[in-house]
Amino acid sequence: MKNQANWQDILIQCRNNLQDKIKPLFRTLIQSQPSLGIGAGGDPKNRIDLAAESAIIDTLREMKIPFTLISEESGIKKFGSTPHENFVTVDPIDGTTNLMRGIPFYATSIAISSKPEMYTVHTALVTDLVHGATYVAQKGKGAYRNNQKVSPSKTDSLETAVIGVDLNSYKTQKIATQLTNLIKKTKHVRHLGANALEICHVADGTTDAFIDIRGKLRTTDIAAAHLIAVEANAEITTPEGRPLDAILSPKEKVAFVASANKKIHKIILKLVKP
Ligand code: IPD
Ligand code: CA
């Protein structure tokens, strides 16, 4: 079994190999992409997502690490003779639509846990593949961006806050009132299209909150960013204010509110209460 410190180095190695592997593929993005079927999370697969995923798998296999992969692309796969020792939850590319369109905002997300459950995640990495920022966290040891400890903002009013809201339509009718309540009171609303990275932006004080109350986001997308937010001392709960305990699976969905501090979290929860 690897300890937490080893895992952080291993995840950095995964990131380095992944970046090397996907770089040459960017050149082909303007051509139409072959259809590769549907991934475990329900979205169409494409070459970049698969190359990113296989870079992570290959890195771990070369290091002879036994693990169970929980991936948005390939679903659940076991490697080595004791795969239950480590669970590796991966979203190889978060923000695929941005990447395919040339919108410079997408990331890779990897979370390591002892069980396929969010509360057991002990090491996490989210790397911004465009701007060279890598966020890491280890349980009990804080969250870091490029080796600098991060903390969320102290903003406590919606008047001055910058709030990310996932506006990708899904059950729009059902959540319209809650969203309207929040948007009416907020001056600066954003959605950049890569939710793991947008949660990291709350963790490091770039924005003041990020909410996704659609109940559509897979736990594979949020597993790593969740630990980064918690370790940065941000607030991250369900819209009802409960801890975000969830099973790690490409089929499992969550709704959540991530905020910079308790005060603004309380204000947002009141507005988006189901
Ligand atoms: C998507 C992004 C997007 C969110 C979608 C996710 P993907 O991730 O995080 O912001 O609105 O629900 O699926 O599909 O690019 O990994
Ligand atoms: Ca993805």
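This is a predicted model: local features need pLDDT of at least 70, side-chain atom pairs count only at pLDDT 80 or more; totals for chains, interfaces and linings use all residues.
**View 1. Salt bridges across the whole structure.** Welcome to the overview: a search of the whole structure turns up 8 salt bridges. The views that follow look at some of them.

**View 2. D156 and K263 form a salt bridge.** Here the closest N and O atoms of the two residues are 3.4 Å apart. D156 sits in the loop between β8 (148-149) and β9 (162-165), while K263 belongs to helix α7 (residues 262-272), so the pair ties together parts that are 107 residues apart in sequence. K263 counts as exposed because its relative accessibility is 52%, and the cut-off for exposed is over 50%.

**View 3. D166 meets R214 in a salt bridge.** The N to O distance between these side chains is 3.0 Å. You will find D166 in the loop between β9 and α4 (172-185), and R214 in strand β11 (residues 209-218). The two residues are 48 apart, and their pairing links distant parts of the chain. Are they buried or exposed? Both D166 and R214 are buried.

**View 4. R214 also forms a salt bridge with D212.** Stay with R214 for a moment and turn to D212: the closest N and O atoms of this pair lie 2.8 Å apart. D212 is buried, as is R214.

**View 5. E72, R218 and D221 form a network.**

Definitions and conventions:
Residues are numbered from 1 along each chain as its sequence is written. Chains are lettered from A and ligands numbered from 1 in the order in which they are written. Side-chain values use heavy atoms; hydrogens and water are left out. A salt bridge is a side-chain nitrogen of Lys or Arg within 4 Å of a carboxyl oxygen of Asp or Glu. Helices (H or I, at least four residues) and strands (E, at least two) are DSSP runs, numbered from the N terminus. Buried means under 20% relative accessible area, exposed over 50%, partly exposed in between (1.4 Å probe, protein chains only).
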